[in-house]
Structures are given as structure tokens and as C-alpha cells.
Amino acid sequence: MKNIKNKRIYLAGHNGMVGSAIFRQLKKNGFVNVITAEFPSLDLRNQKSVEDFLAEKKPEVVIIAAAKVGGILANNTYRAEFIYDNLMIQNNLIHSSYLNKVEKLIFLGSSCIYPKLAPQPLKEEYLLSGYLEYTNEPYAIAKIAGIKMCENYYKQYGCNFISAMPTNLYGYNDNFDLQTSHVLPALIRKFHEAKTINKPFVEIWGTGKPLREFLFVDDLAEAILFLLENVEAENLYSLGISQLNIGTGKDISIFDLAKLVSEIVGYKGEIVFDTTKPDGTPRKLMDVSRINSLGWKYKTELKEGIQKTYEWFLENKADSKLI
Ligand code: GFB
């Protein structure tokens, strides 16, 4: 998209881990017209509020980084909220963007949209080729609906709306709550607290065998800027796919990840497994050859990203009252 730096860009979800990383990236790259709104003055689940907001602000570009998100237990526990909140947020934003003639929209999802037992690595065309992982089915169904809205608003109305599917993300501003967070922030907090109180062991959920791919959130933010500037709906849908994968193309077992985090944190005790907790999908490694061939590649290796996130945690969250 041309002259994008002067466009009015509405970034939905700017306070979250993903949204705040995109916000920093936009500012760093000289985008001068970024519009944001705070919850609860704008509740994105409310159709009238979203319609009025977009009609008033008239953004030319919309980035949807707003979503109800969480780790495996949050997804599995708050199943109704995960499907309802996400469907409402994205329906309102995508439809109002169409009504207000938004020139470009980027919708963000997650690698859990792919079938549980799809071949690995996950190619974009595997979408809807099999059943989903149960623990995150409500979230994945909502995200698949968002992908299909973008695709079909292009096909019927010609809207320049595209979907990007990042792999598991981590980094600054992550959620470190042990019940609702994803695995990486949970491990950082668990190993840090165990080191602080000399606890002899740290419990991790499941068998430790599932494989996961992790992308540092600042790399994702760079990828979103890349898509803003370089990938339009016609480029994407003419490939016969509905969404573009964003990841590193490398994965690691949860047990090896736990060993890596314990080493970075400097914890010397044992790792034990709580097998009453779910493993989730056995593996979800993204095939990132499409975005790589378009010209974007990740920069931050996992060890470096965890070190940066641990430093951020120490500065901002290590006082558990703040978590
Ligand atoms: O990151 P996570 O919660 O989500 O869990 P998913 C990944 C793996 O780490 C699972 C294990 O096998 C967990 O059992 N794990 C080990 C832990 N210890 C812990 C711990 O202390 N906390 C957590 N949270 N996990 C989510 C989806 O799936 O990934 C979402 O539910 C979304 O829909 C997101 O797609 C990116 O990778 O299993």
C-alpha cells in the first residue's frame, strides 16, 4: 500500500502484548496518525459503539490485534467467552470497516486454527482439512470465522482485508498469571519464584512432550508492518489461500523449553510434570515459506527473546503484586 505512513490507522487492542508491540513499531517507523481507544469507553463487543467509533474517526487502515486470548487452561475453561467475545469483536470491526470504506484491514489469528492432526509443517492450505484441538476449539472457530469474513468481504465487495496467523507469541507485556497465561510467561514466573524461595522443584503442565514454535512479539510487529506495506488482498487470495503464516519455522518440546528457561533464570532445582493438566495439540509448526519468499523473516532467536522477556519481567512484574 502506498503512502501508508500518513494514513489514519486504527489499532484495535493497543494495550495487549501484540497491540503494544505493533504500536511501538508504528511509532518507530514514523507512522504519525495512529488512532487508539481504551476499554471500557469503547467496548468492541458492542456493534453500535464500534459503528459510531469508526464513522467518527474514519480510519483508512484497521489492524485487529484486539481479542480475548489466553493459554491452554483459559481457552478450555472460559469456552463461551472465547467464542462470543472474539466473534463479536471481529464481526463488528470487519463489518464496520466495510461500511466505512476502510482501505486496508489486517486481522490477526493464531496457529491453533489448523487441524489438530494436520501434517507438519502447517501449510496455509491445510485450513479446514480436519477436526480441531478440543481445548481451543471455541477460539479457533472464532478466528476461522474472521479469516473467512476477510476473504469473502474481498470476494463479494472487493475489500482489501487480509488475515495473518502468527505462531505462539511471547515477549514484553505478556500475561504472567499462572492460571490464564501461555506456557512461556508461566515458566519464566515459575522458575523465577522457585529460585527466589529456593523451591526444590518446579511443576510444569502435561507430559512436556508437545512441540511448540515461539515467535518474539517484536518480530511479529515487524511482520505486520511488512504486510501493511507489501501484501494486498489480491496477492493473498490469488494464491488460493485465505491467510498467511508468520513464524520461525522451528519448534522445541515443552520439556526442552522448560530446561532453557530454567537455565536463563538461573534455577538449579528439578522439573516435574503435572499430568493432570492437558497437553493440547501434539505439534503446531508453521510452514513459513510463503512469507519468507515474500521477503520477511524472523530475527530474534528463542534464547535471546526469552532473555529480553525475563529482563522485562524483572523490571515490571517480579513484584508479584503487579502480576
Ligand atoms: O502455551 P499454552 O498454554 O498453549 O501451552 P497452547 C503450551 C503447552 O505447554 C501445553 C504446556 O502442552 C501445556 O500443557 N505447559 C507446561 C504449560 N507448563 C505450563 C504452564 O505452566 N502454563 C501453560 N499455559 N502451559 C494455546 C491455545 O494453545 O496457544 C490458544 O489454547 C492459542 O488458542 C495459543 O492458539 C497460541 O499452545 O497449547
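1. Helix H6 (183-196) contributes the most to the shell around the ligand, namely three residues. Helix H3 (72-77), H6 and strand S7 (201-205) each provide at least two shell residues; helices (H or I, at least four residues) and strands (E, at least two) are DSSP runs numbered from the N terminus. The model is predicted: local features require pLDDT of at least 70 and side-chain atom pairs pLDDT 80 or more, whereas totals for chains, interfaces and linings use all residues. Residues are numbered from 1 along each chain as its sequence is written, and side-chain values use heavy atoms, with hydrogens and water left out.

2. Among the 22 residues around the ligand (a heavy atom within 4 Å), Ser-110, Lys-190, Arg-212, Pro-278 and Asp-279 come nearest.

3. Oxygen atoms of the ligand lie 2.7 Å from a backbone N or O atom of Pro-278, 2.6 Å from a polar backbone atom of Asp-279 and 3.1 Å from a side-chain N or O atom of Lys-284. The protein buries 97% of the 700 Å² that the ligand exposes when taken alone; accessible areas follow the Shrake-Rupley method with a 1.4 Å probe.

4. The count of disulfides (cysteine sulfur atoms within 2.5 Å) is zero. For Cys-112, the nearest cysteine sulfur is that of Cys-150, 16 Å away. Cys-159 is likewise in no disulfide, the sulfur of Cys-150 being nearest at 9.0 Å.

5. Helix H9 is followed by Gly-266, which has a positive phi near 85 degrees. Buried residues of H9 include Ile-254, Leu-257 and Val-265.

Conventions. Buried < 20%, exposed > 50% of the residue type's maximum accessible area, 1.4 Å probe, protein only. Polar contact = N/O pair within 3.5 Å; in protein donor to acceptor, adjacent residues only side chain to side chain.
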